Amino acid sequence: MALCEGCSWSIYEFIREKCSNPDALLEVWYTHGLLHWQKDCERCGQPSRVDLRRKQLRCDKTVSTRKQKKQRCGWHVSLLNGSIFKRAHLDVNTLLVFVNYFIREYFTVRLIQHELGLELKTITDWSTFCQEVMVHWALEQQGVIGGPGRIVEIIESKFWRSKYNVGRVVDGQWGYGGICRETRNLFLVPVADRTSDALLAVIKERIAPGSIIIFDCWKIYNCLSQEEYNHLTVNQTYQFIDPDKLAELHNIERQWKEAKRKVPLCGHRKKHLVKYLARSMFLMHFEDHNIRLHHFLCAAASVYPPV
Ligand SMILES: [Zn+2]
Ligand SMILES: [Zn+2]
């Protein structure tokens with residue numbers, strides 16, 4: 001089996017093809033690098049093989065003993081060893097079905113309770129797992145977004161401590177997120193503080209000149225000095241728009257409403273904003289529902305590689 005380089009599954013196809021054979025679900029995690037991909041036998045040093053049915057890495061190599069009698073090595077270890085599933089006691093098969101729902105716009109707790117019969121605590125835990133993958137994915141997105149006439153929304157939020165204890169953000173750290181409506185490119189940047197310098201640095205580094213920036217205007221006024229603000233706006237480097245005033249710009253407003261209707265970016269509790277933002281970014285970035293699973297699993301493998 002080779003590592004997956006791109007796959008596409010609708011929920012129906014996934015259930016039909018994969019859920020009829022539980023071993024195949026393990027294969028999905030495996031081929032996306034969340035389980036030990038290649039591991040040498042710890043007894044004889046030869047490459048081991050994967051046995052999906054037994055959920056094991058096994059060594060079938062023939063080895064010579066001192067008495068010159070050839071024997072099968074027989075070393076084996078659980079395929080889940082060192083994986084996030086073992087470390088966090090996650091049920092590999094149900095979690096994969098759960099992920100399939102989580103990456104769709106219509107994911108709700110009630111839907112999962114009905115469909116998978118999971119308890120609220122499990123749903124919360126597994127949602128955290130998925131959200132963390134998406135936050136880390138968003139943090140990896142590099143480059144400048146926006147451009148002349150393009151709309152970029154900035155959101156500020158506090159990061160929270162990672163439940164599974166990975167990542168490079170610390171509890172209570174502030175950060176800025178930005179998403180360009182037209183291109184769906186995005187960024188998520190942790191900042192040490194919320195001074196004007198920090199905000200300005202994020203804007204200059206990550207948003208192209210000529211962009212229309214949607215952000216709480218009073219915060220922009222408070223954060224930037226009059227001189228900085230004038231410099232940015234008078235030279236038309238950026239145009240700042242208050243979200244409440246968006247209605248005045250009829251042409252933008254209609255399209256933006258549409259984008260927000262698809263994936264709500266606001267209206268959630270503020271302390272969870274980064275998580276919601278990262279999920280919105282992920283869903284908006286991969287508009288094609290059926291390729292999301294592949295990209296989610298690849299992101300998950302980079303966040304939770306087997307150790
Ligand atoms: Zn794939
Ligand atoms: Zn061996």
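**Figure 1. The largest nonpolar core of the predicted model.** This core has 67 residues, and Val-99, Val-133, Ala-138, Ile-213, Ala-278 and Ala-300 are the ones that touch the most other members. A nonpolar core is a set of buried Ala, Val, Leu, Ile, Met, Phe, Trp, Tyr and Cys residues joined through C-beta atoms within 7 Å. A residue is buried if 20 or more other C-beta atoms lie within 10 Å of its own, exposed if 12 or fewer, and partly exposed in between, with C-beta atoms placed from the backbone. Helix 6 (residues 120-140) gives the most to this core, with nine residues. Helices (H or I, at least four residues) and strands (E, at least two) are DSSP runs, numbered from the N terminus. The model is predicted, so local features need pLDDT of at least 70 and side-chain atom pairs count only at pLDDT 80 or more, while totals for chains, interfaces and linings use all residues. Residues are numbered from 1 along each chain as its sequence is written, and chains are lettered from A and ligands numbered from 1 in the order in which they are written.

**Figure 2. Surroundings of Ile-213.** Leaving out residues up to four places away in sequence, Ile-213 touches Val-152, Ile-154, Ile-207, Tyr-238, Gln-239, Phe-240 and Ile-241. Two residues are in contact if their C-beta atoms, placed from the backbone, lie within 7 Å.

**Figure 3. Helix 2 and its cover.** In helix 2 (residues 22-31), the buried residues are Leu-26, Val-28, Trp-29 and Tyr-30. Strand 1 (49-51) and helix 4 (92-102) are included in what covers them. After helix 2 comes Gly-33, with a positive phi near 85°.

**Figure 4. Trp-29 in helix 2.** Trp-29 lies in helix 2 and counts as buried because it has 24 C-beta neighbours inside 10 Å. Apart from neighbours within four places in sequence, Trp-29 is in contact with Leu-34, Leu-35, Val-92 and Leu-96. Trp-29 and Val-92 are 63 residues apart along the chain, and their C-alpha atoms are separated by 8.2 Å.

**Figure 5. Leu-52 in a loop.** Leu-52 sits in the loop between strand 1 and strand 2 (56-58). With 17 other C-beta atoms within 10 Å, Leu-52 is partly exposed. Not counting residues up to four places away in sequence, Leu-52 touches Asp-23, Leu-26 and Glu-27.

**Figure 6. Helix 4 against helix 5.** The axes of helix 4 and helix 5 (residues 109-116) come within 11 Å and cross at roughly 140°. Axes are lines fitted to C-alpha atoms, for helices over the stretch in contact, and angles run from 0 to 180 degrees between N-to-C directions. The two helices, helix 4 and helix 5, are therefore oblique to each other. Angles under 35 degrees count as roughly parallel, over 145 as roughly antiparallel, 65 to 115 as roughly perpendicular and the rest as oblique. Thr-94, Val-97, Phe-98 and Tyr-101 of helix 4 meet Leu-111, Ile-112, Glu-115 and Leu-116 of helix 5.

**Figure 7. Helix 4 against helix 6.** Helix 4 and helix 6 pack at about 65°, with their axes 11 Å apart. That makes helix 4 roughly perpendicular to helix 6. Leu-95, Phe-98, Val-99 and Phe-102 of helix 4 make the contact with Trp-126, Ser-127 and Cys-130 of helix 6.
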